[in-house]
Amino acid sequence: MSHCQWSFNPRSLLLGAIAGFAALIVMLLPSVQAQVPPRPASPTTIDQALSKLSPPRVHPLPPTLAQQPLNSAGDYFDQVQTPIVGALIWSQFPVTVYIQPETAEEQGKPFLQRRSQLWIKAIQQAVQEWQTYLPLQLVDQPAEADITIWRNTPPLQLKPASEEAGDRRLPIPRARSAETRYELYAQPTTSGNPSRLAHRMTIHIRPDQAATYLEAAARHELGHAIGIWGHSPQPTDALYFSQVRNPAPISRRDINTLKRIYAQPTRIGWELRSP
Ligand SMILES: [Zn+2]
């Protein structure tokens, strides 16, 4: 899939089974996070890791989505990628969201402070827009959050050289304005039950953009974070693959797509098998 100027890159999976009590069971990382392209996980390793997970199952549709009628606007569900663990959907609500507050450094400099305030306002606006379709709740501590949103430049993406046959050049960094990535972990449950497979999302959005673009970037990345792991081919959708002059609001097609994603089976949110 072609890259998006402002988005994620789930191109490859790095899976590792990690032993130990309450340890991470599976970790998926975009290959581009590493300075050097990692070796692809061997099928055996993936099979071993997956054998610790329950088979994919469907969660009940959240009421906020259930009450959205599927309409004739269509969707772009066929563009959505399904990771090996299944749909990247939430099953415990509200989904908690942490927005990075002003830092001490920003508070000391009027320009930076104003910029961070605009950024925060734009992100809050985007959270409110998605709120209609999925219960989201702002929290003060990043450790408590399912989704964390940070005010900085996304880490540089290095294109693995192996991607293009015969290309021996050094990878070329791509500067981008926003990015969402996910990781999986084993979430302890109460009452001695096995842990659940859970995920968390991390969003980076650069602050040095006009308010309209900040809001559009936040709307777009939050769309990824709540489950739309793919891009729309139409510029009238919030999840269009590229930034445009007049960013679209959340469209019926975005919602139709989201609703179909939440009806998909997944291993996320279900208990891990006992060893
Ligand atoms: Zn994107």
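The questions and answers below concern a predicted model of one chain.

Reader: How many helices and strands are in the chain?
Author: From the N terminus, the elements run α-α-β-α-α-β-β-β-β-β-β-α-α. The count for the chain is six helices and seven strands.

Reader: What is the strand order of the open sheet?
Author: The open sheet has five strands with mixed pairing. Strands β2 (136-139) and β6 (178-187) each pair on one side only, as edge strands. Neighbouring strands are turned by 25 degrees against each other on average, direction ignored. The order is β2-β1-β3-β7-β6.

Reader: Which residue is the bridge partner of I99 in β3?
Author: Strands of a sheet pair through backbone hydrogen bonds, either parallel or antiparallel. Here β1 and β3 run parallel and are joined by three bridges. The partner of I99 in β3 is I149.

Reader: Which helix lies across β1, β2, β3 and β7?
Author: Two helices lying across strands of the sheet can be set side by side. Helix α5 (residues 211-225) lies across β3, β6 and β7, at about 165 degrees to β7. The helix across β1, β2, β3 and β7 (196-205) covers residues 110-131 and runs at about 170 degrees to β1; this is α4.

Reader: Is the ring pair of Y98 and W150 stacked, edge-to-face or tilted?
Author: There are four aromatic pairs in the count. In the pair of Y98 and W150, the ring centres are 5.4 Å apart. Planes under 30 degrees apart would count as stacked and over 60 as edge-to-face; these planes stand at 50 degrees, so the pair is tilted.

Reader: How many residues apart in sequence are the parts that Y98 and W150 tie together?
Author: Y98 lies in strand β1 (residues 95-99), and W150 lies in strand β3 (residues 147-150). The pair therefore ties together parts whose separation in sequence is 52 residues.

Reader: Is Y98 buried or exposed?
Author: Buried means under 20% relative accessible area. W150 has 23% and counts as partly exposed. Y98 has 8%, so the residue counts as buried.

Reader: What is the angle between the ring planes of Y240 and F241?
Author: Y240 is buried at 15% relative accessibility, while F241 is partly exposed at 33%. Their ring centres are 4.7 Å apart, and the pair is tilted because the planes stand at 45 degrees.

Reader: Which residue lies over the face of W270?
Author: Two arginines are placed over tryptophan rings. R151 lies over the face of W119, at 4.8 Å from the ring centre. Over W270, at 3.8 Å from the ring centre, lies R57.

Technical notes. Residues numbered from 1 in each chain as written. Predicted model: local features only at pLDDT ≥ 70, side-chain atom pairs only at ≥ 80, totals over all residues. Heavy atoms only, no water. Helix = DSSP H or I, 4+ residues; strand = E, 2+ residues; numbered from the N terminus. Phe/Tyr/Trp six-rings, centres within 6.5 Å; stacked < 30°, edge-to-face > 60°. Buried < 20%, exposed > 50% of the residue type's maximum accessible area, 1.4 Å probe, protein only. Lys NZ or Arg CZ within 6 Å of the ring centre and 35° of its normal. Pairing = 2+ DSSP bridges. Axes fitted to C-alpha atoms, helices over the stretch in contact; angles between N-to-C directions. Contact = heavy atoms within 4.5 Å.
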